[in-house]
Amino acid sequence: MYQAFVGLEIHVQLLTKSKVFCGCRAAFGDEPNTNVCPVCMGYPGVLPTLNRQAIVQAYLVARALDCELSESAVFERKNYFYPDLPKNYQISQLGSPVGRNGRVDLDLGGSRRRVPIREVHLEEDAGKMIHAGDVSLLDYNRAGTPLLEIVTEPVLERGEEAELFLQYFRRMVRYLGVCDGNMEEGSLRCDANVSVNRPGKGLGSKVEIKNMNSSRFVKKALAFEIARQSGLLDRGAPVAQETRLWNENRDLTEAMRSKEEADDYRYFPEPDLPPFKPDAAFLLDVEKGLVELPSARRERLVAEYGLGPDQVDFIIDEKSRADFFERTVALGADPLAAASWLGSDVKRLLNREGVELAESPLTPERLAGLLVLLASGRIHGKIAKQVLEVLFAEGKDPETIIRERAWEQLIDAGAIAKLVDEAIDANEKAAAQIRAGDEKPVGFLVGEIMKATSGRAEPQLVRSVLKERLAKSR
Amino acid sequence: MELKELYVTASLAQLDLSDEEAETLSALVGQMVEYFSTMREIDVENLEPTTHALLKTNRVREDAVVESAAADTLVGNAPESEGRFIVIPNVL
Ligand SMILES: [Zn+2]
């Protein structure tokens, strides 16, 4: 048996309106090379200026990862030549990044694993290249958009753990509102380093893996790579220190062309940007952005509302969903009913309509209204589902819907008594049978009344009034 | 300076040096490197590195978009373009 050491290097595109060092729009899907200016295109004589929102978000993530926050974050030039980099250097951080020595306590389903975070640093993204036959097409709209890099220590041992970490991390940045977390579109990217060795022997040769654009691919790629390296060690073959790419079509990692010499980026302090020194007002803004994180919220929702494990996982997966849930409960809905409706009927309708909860006609006020109607017996379960359907179709309040359609359950004793009398008059034979002590036709008469009221009469009430009436006249 | 080192440095800077240029440069660059080694002898123990002499305070801007007026000109400056893409020989 071998021991595997996996470290992750995660890049997140921060959600700012403009680029990190110039005012160009930071948007995706625009016409190529429309969001470019002399600063992000690396023209001589220009002056980059740090985007305050980007550095707030960078410190916020570092804070959420329990990092030591830098008192002086220094920007440096990382020099290399590649056509996606118009300046021939990337503004990044090396010696004094935004945050260092953080940690995540990862829930591995039963056990916990502390994952130390080596560092969090802010840098600029590169442009995009499309390779087409003899040529490559360059689009620099992305060049200079803010990118945050997070590096973990190599303490993960299996593909599943890396997947869990990534899911945790993705949820966290979405809660913080700093990244949309879309791995397929590349707004969250993950590379990994893997080494395998005999237990107690420390790290083996380090292999970098790239091109895993979903958390599932991270799991599969790492499982493959750990098995591949273990196989080499079994045969006594050396593991080459190299960079490999995940091939999602063939389910394996492939060696990239290896470079002969080690990278030499010749970092030096960016002369155009002063080190950033957070002051009290800045740190206050960072604290303001620090929302209750998913793991803490999970624990609180279980303790406060008694949600089950699957229920709570579903509720906290999205911050907007958890907020919706708590607002609904605050408006008087039963927590378990609210969680169960959100996880079943509401989810089904959202999927069917292809909309997000936040954009749907359902609001916490409306869901709470519906659940209160149900809990107080004014409507019954089947009608409640129909109300939800109408609510989605017409965007009206539950009260309005049941009034317009006369769906409110009949619980008025006088009205029920009248219905019962009518049913007895119309079904002399059945009534006589009951009077004679034969209870069999009771169900039939209740059914007739339910039919006459399109299911609105409260069945228990109908049954008891009916028995009372027929007992009395005996 | 060793010639080999000079060639590595030149290749990092994407410079092609002829043998003649390398000969001339190695002496000159060697001299520069010597200046640096003199600087290295200074005792900087317990001194915070000075990255900037003049920029002492934070300089940030609010996160606001400034429409780029120069975008078309910048694309136009490229030796070759296709639509709004800048075109280069395939580098893959
Ligand atoms: Zn720009």
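A polar contact here is a pair of N or O atoms within 3.5 Å; within protein, one must be able to donate a hydrogen and the other to accept it, and residues adjacent in sequence count only if both atoms are side-chain atoms.

This is a predicted model, where local features need pLDDT of at least 70 and side-chain atom pairs count only at pLDDT 80 or more, while totals for chains, interfaces and linings use all residues. Residues are numbered from 1 along each chain as its sequence is written, chains are lettered from A and ligands numbered from 1 in the order in which they are written, and side-chain values use heavy atoms, with hydrogens and water left out.

**View 1. Chain B against chain A.** By that polar-contact rule, 25 residue pairs link chain B and chain A, both partners at pLDDT 80 or more. Contact (heavy atoms within 4.5 Å) involves 33 residues of chain B and 54 residues of chain A. Together the two chains bury about 3,700 Å², with 59% of that from carbon and sulfur atoms; buried area is the accessible area (1.4 Å probe) that two parts lose on being put together, summed over both. Arg59(B), Arg61(B) and Asp63(B) supply 20% of the area that chain B buries against chain A, more than any other three residues.

**View 2. The salt bridge between the chains.** The rule (a side-chain nitrogen of Lys or Arg within 4 Å of a carboxyl oxygen of Asp or Glu) finds one salt bridge across this interface. Glu67(B) pairs up with Arg25(A), and their closest N and O atoms sit 2.1 Å apart.

**View 3. Domains 1 and 2 of chain A.** Chain A splits into domain 1 (3-286), domain 2 (292-404) and domain 3 (413-472), with bounds from an automatic or database domain assignment. The C-alpha centres of domains 1 and 2 are 37 Å apart. Eight residues of domain 1 touch eleven of domain 2, burying about 870 Å² between the two domains, 54% of it on carbon and sulfur atoms. Three salt bridges are counted between these domains, and three residue pairs are in polar contact, both residues at pLDDT 80 or more. Look, too, for the salt bridge of Arg174(A) with Glu318(A), whose closest N and O atoms are 2.5 Å apart.

**View 4. The largest cavity.** A cavity is a set of points on a 1 Å grid over the protein atoms alone where a 1.4 Å probe fits but cannot get out, and lining residues have an atom within 4 Å of a point. The structure holds two of 30 Å³ or more, and the largest has about 50 Å³ of space. Both chains contribute to its lining: Leu50(A), Phe75(A), Leu273(A), Pro274(A), Pro275(A), Phe276(A), Asn58(B), Arg59(B) and Val60(B).

Key: On a 1 Å grid over the protein atoms alone, a cavity is a set of points where a 1.4 Å probe fits but cannot get out, and a pocket is an open set with protein on both sides within 12 Å along at least five of seven lines; lining residues have an atom within 4 Å of a point. Grid points are joined across faces, edges and corners, and a volume is the space filled by probe spheres set on the points.
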